[in-house]
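Open the model in a viewer and keep the selection tool at hand. The stops below say what to select next and what is there.

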Amino acid sequence: MSTSISKEKKTRDKAVKNLAVFLSDDESNEIPDIEMAKLWKGIFYCFWMSDKPLVQQALASELAELLLTIKRVSSSLRFLRGFWMTIVREWHGIDRLRMDKYYLLIRRFLNASFRLLIQAHWENSALKGYNAILTDSGGPLCASDIKVPSSLSYHLADIYLGELDKAVTSFDEPSPVPLLALLHPFIALAAQTPTSTTYKHIENALFRPLLAVLRPPRTSSPQKRARLPGSQLANIPSAACKYDPSSGGAIEALALRQEVLQTLFDVASAESTRGSNRRKMYTLYKEVAEDDDGSES
């Protein structure tokens, strides 16, 4: 087979191992962007040709795990950037019969990305690099790039918190999750997107469920508590901080909820925020704040 990674298990395992070595051995000679794009195009279409569900699942996991087997975080982030730029570029060409397996591939890479950052103890440069991959031109959460498919941001909003919670679960004693830093790409997109449906999806799939999960449950009206598909976020409320895990550790969930809400208000107040989005963010802030005030009285 002429593709860079075969769908046959024996050949694939050897190719994935060799790819990890190759990607790690770039300390003095970083892979140029054009070469990374060529590499990822080959990987993308190899995954395209993987037809059996078990093969798809195994290959998706093996490719995502490369982020953690590559020796240096900076090399892992370059590989991750190549992944997202390829996904954005090729997305409109994926037919409906293959869409589910690419959703799976995205889920695997998102989870591995969080585990990579946890292994790096949420180091500031790694976290900034990760956010830049998502928000720079060609990234899946770039508001100013008209080539980015809106369905990608929808899918990421749907799975972001659940995969973060799963990643935290896979470590015995992880550093506190810098939640506000990880939310930055979505908050920036919510402020800048020209599409009302994109804003609404981010609010309903990410902001509202998170704010609900960070609030202690009210026994008098349990039906008002938002539900997250596939996850109740068992770990994030008790293992998160604002930005820097080394500055004081995790903070209590209710305090973190107030910080998230205040950040939404502050971003809404910025001059660069679109007027229509500012009004929606203010409305969300007012609704949640008034709900909090009502529950305390």
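Contact here means heavy atoms within 4.5 Å. This is a predicted model, in which local features need pLDDT of at least 70 and side-chain atom pairs count only at pLDDT 80 or more, while totals for chains, interfaces and linings use all residues. Residues are numbered from 1 along each chain as its sequence is written, and side-chain values use heavy atoms, with hydrogens and water left out.

**Stop 1: the core**

Select leucine 182. Leaving aside neighbours within four places in sequence, leucine 182 is in contact with Phe114, Leu117, Trp122, Leu127, Tyr130, Tyr160, Leu164 and Val177.

Now widen the selection to the nonpolar core, a set of buried Ala, Val, Leu, Ile, Met, Phe, Trp, Tyr and Cys residues joined through side-chain atoms within 4.5 Å. Buried means under 20% relative accessible area, exposed over 50%, and partly exposed in between (1.4 Å probe, protein chains only). The largest such core has 93 residues, and Phe79, Trp84, Phe109, Tyr130, Leu179 and Leu182 touch the most other members. Helix α5 gives the largest share of this core, 12 residues. Helices are DSSP runs (H or I, at least four residues), numbered from the N terminus. In soluble globular proteins, nonpolar side chains tend to be buried together.

**Stop 2**

Select histidine 121 and tryptophan 122. Histidine 121 is in the loop between α5 (96-119) and α6 (124-135), and tryptophan 122 is in the loop between α5 and α6 too. Histidine 121 has a positive phi of about 55 degrees although it is not a glycine. For tryptophan 122, phi is also positive, near 55 degrees. Most residues other than glycine have a negative phi.

Which of them is buried, and which exposed? Histidine 121 is exposed, because its relative accessible area is 57%. Tryptophan 122 has 3% relative accessibility and therefore counts as buried.

**Stop 2: aromatic rings**

Rings of Phe, Tyr and Trp (its six-membered ring) pair if their centres lie within 6.5 Å; planes under 30 degrees apart count as stacked, over 60 as edge-to-face and the rest as tilted. The whole structure has 17 aromatic pairs. One of them is tyrosine 45 with tryptophan 48, tilted, at 5.6 Å centre to centre and 45 degrees between the planes. Both residues lie in helix α2 (residues 33-48), three residues apart, about one turn of the helix. Tyrosine 45 is partly exposed at 32% relative accessibility, whereas tryptophan 48 is buried at 15%.

Next, select phenylalanine 265 and tyrosine 282, a tilted pair at 5.4 Å centre to centre with 45 degrees between the planes. This pair links distant parts of the chain, with phenylalanine 265 in helix α10 and tyrosine 282 in helix α11 (residues 275-296), 17 residues apart. Phenylalanine 265 counts as partly exposed at 28%, and tyrosine 282 counts as partly exposed at 29%.

Then select Trp40, Phe79, Phe83, Trp84 and Phe109, which form one aromatic cluster.

**Stop 3: helix α10**

Select residues 253-269, which make up helix α10. Its buried residues are Ala253, Leu256, Arg257, Val260, Leu261, Thr263, Leu264 and Ala268.

Key:
Helices (H or I, at least four residues) and strands (E, at least two) are DSSP runs, numbered from the N terminus. The expected span of a helix is 1.5 Å times one less than its number of residues.
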